Amino acid sequence: MLNILAARFRYVSIFFLTLTVVLLFPFEKEADAETYYHVTLKAFLDPRDHSAVEWAWITLVEIPKRSAFPDEAALAERYGGSLRGSVLAFVRASAWRSRHRYAIEKRCKDRPAEMEISWEESMAERVYAMGGLDNPNRPDEINFGFTTRRILMENGRWFDPESRTYVAVGPVRMEGDAAEEIRGEFNLRPVNYLDPLKHYSFCGKRWVEQYRSAFNHFHLHDEFLDGDNDIFNQTVGKKHVVYRIVRSASRDHPYWEQQRM
């Protein structure tokens, strides 16, 4: 009988000890969980042709600013303050553009003529972007943008895209075709396609320049409404971009390299 009572006492003791730990540390699991932001964007390049588009897919992860900027956080604490908000660190990104060809009217030797402009379909594996939750009083507000400035990586380290060697392949000359002249500089951009060429043909001459993505230096500011974890919106103005942002505990982008919202 004493053995049974002792066993029951041990069981009750373990139960209350477990309950105490749960009550004292109720947010331990949530604190360890990471929050990811999966961005999908579609840019329309030609108002006359909706098949001329670019797509981009980006995954970011939320990191407290005090971890991203430890020196600044220490300085703030020294004066009795704190560094609030979060940085959306870079996890991975890619982009794709469709093939497109169009013409604009110009004059060649004082006669009406057309300049033909085109580019080929291509993927971009070097895409650089970052974001932030900069308003601690409105944690559902999000800033996002493409950039070539230093970006915070998911491992907590800062990376300078311009530190990586950028090599652009010039136009390939086919036998029997006229050579294309290379004009302008080819530099690292926020979105760098494997085929970086934009082709021109006008007045008996052919040349190429570096293709500049519609996403270059594109930024947006939006907010998750009513506790929702999904934003679907578009921009108006010079650039027509439709975008979707999904907030999730999963690291997997739900629309990775899929051309659909």
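Serine 201 has arginine 206 as its bridge partner in strand 14. Strands here are DSSP runs of E with at least two residues, helices are runs of H or I with at least four residues, and both are numbered from the N terminus. This is a predicted model, in which local features need pLDDT of at least 70 and side-chain atom pairs count only at pLDDT 80 or more, while totals for chains, interfaces and linings use all residues. Residues are numbered from 1 along each chain as its sequence is written, and side-chain values use heavy atoms, with hydrogens and water left out.

Strand 13 (residues 197-202) runs antiparallel to strand 14, and six bridges join the two. Two strands count as paired if DSSP finds at least two bridges between them. Phenylalanine 202 stands opposite lysine 205 of strand 14. The two strands form a hairpin with two residues between them, and cysteine 203 in the turn has a positive phi of about 55°.

Strand 11 runs parallel to strand 14, and two bridges join them. Isoleucine 182 has valine 208 as its bridge partner in strand 14.

In a regular strand the side chains alternate between the two faces of the sheet.

## Salt bridges

Side chains of opposite charge can pair when their charged atoms come close. A salt bridge is taken as a side-chain nitrogen of Lys or Arg within 4 Å of a carboxyl oxygen of Asp or Glu. The count by this rule is 13 salt bridges. In one of them, aspartate 46 pairs with arginine 48, with the closest N and O atoms 3.0 Å apart. Aspartate 46 is buried at a relative accessible area of 6%, whereas arginine 48 is exposed at 60%. Buried means under 20% relative accessible area, exposed over 50%, and partly exposed in between, using a 1.4 Å probe and protein chains only.

Aspartate 134 forms a salt bridge with lysine 65, the closest N and O atoms being 3.1 Å apart. Aspartate 134 sits in the loop between strand 7 (129-133) and strand 8 (141-146) and lysine 65 in helix 3 (residues 65-68), so this pair ties together parts 69 residues apart in sequence. Aspartate 134 is partly exposed at 42% relative accessibility, and lysine 65 is buried at 17%. Another salt bridge joins the side chains of arginine 206 and glutamate 180 (3.7 Å, N to O). It links distant parts of the chain, 26 residues apart: arginine 206 is in strand 14 (residues 205-210), and glutamate 180 is in the loop between strand 10 (158-159) and strand 11 (181-182). Arginine 206 is partly exposed, with a relative accessible area of 33%, and glutamate 180 is buried, with 16%. Elsewhere, salt bridges that share partners join Arg138, Glu141 and Glu223 into one network.

## Aspartate 222

Aspartate 222 lies in strand 15 (residues 219-223). Aspartate 222 is buried yet has no salt bridge, and the nearest side chain of opposite charge, arginine 138, is 9.6 Å away. For charge, Lys and Arg count as positive and Asp and Glu as negative; His and the chain ends are not counted.

The side chain of aspartate 222 makes polar contacts with the side chains of asparagine 233, at 3.1 Å, and tyrosine 243, at 2.5 Å. A polar contact is a pair of N or O atoms within 3.5 Å; within protein, one must be able to donate a hydrogen and the other to accept it, and residues adjacent in sequence count only if both atoms are side-chain atoms. Neighbours within four places in sequence aside, aspartate 222 is in contact (heavy atoms within 4.5 Å) with Asp140, Glu141, Ile142, Ile231, Asn233 and Tyr243.

## Positive phi in two loops

Most residues other than glycine have a negative phi, and most peptide bonds are trans. Lysine 109, not a glycine, has a positive phi of about 55°. Lysine 109 is in the loop between strand 4 and strand 5 (111-119) and is exposed at 75% relative accessibility.

Histidine 217, also not a glycine, has a positive phi of about 60°. Histidine 217 is in the loop between strand 14 and strand 15 and is exposed, with a relative accessible area of 51%.

## Confidence

The protein chain averages a pLDDT of 86, and 85% of the residues score at least 70. Residues 1-31 have a pLDDT below 50, and this stretch has zero contacts in the model beyond near neighbours in sequence. pLDDT is the predictor's confidence in each residue, from 0 to 100.
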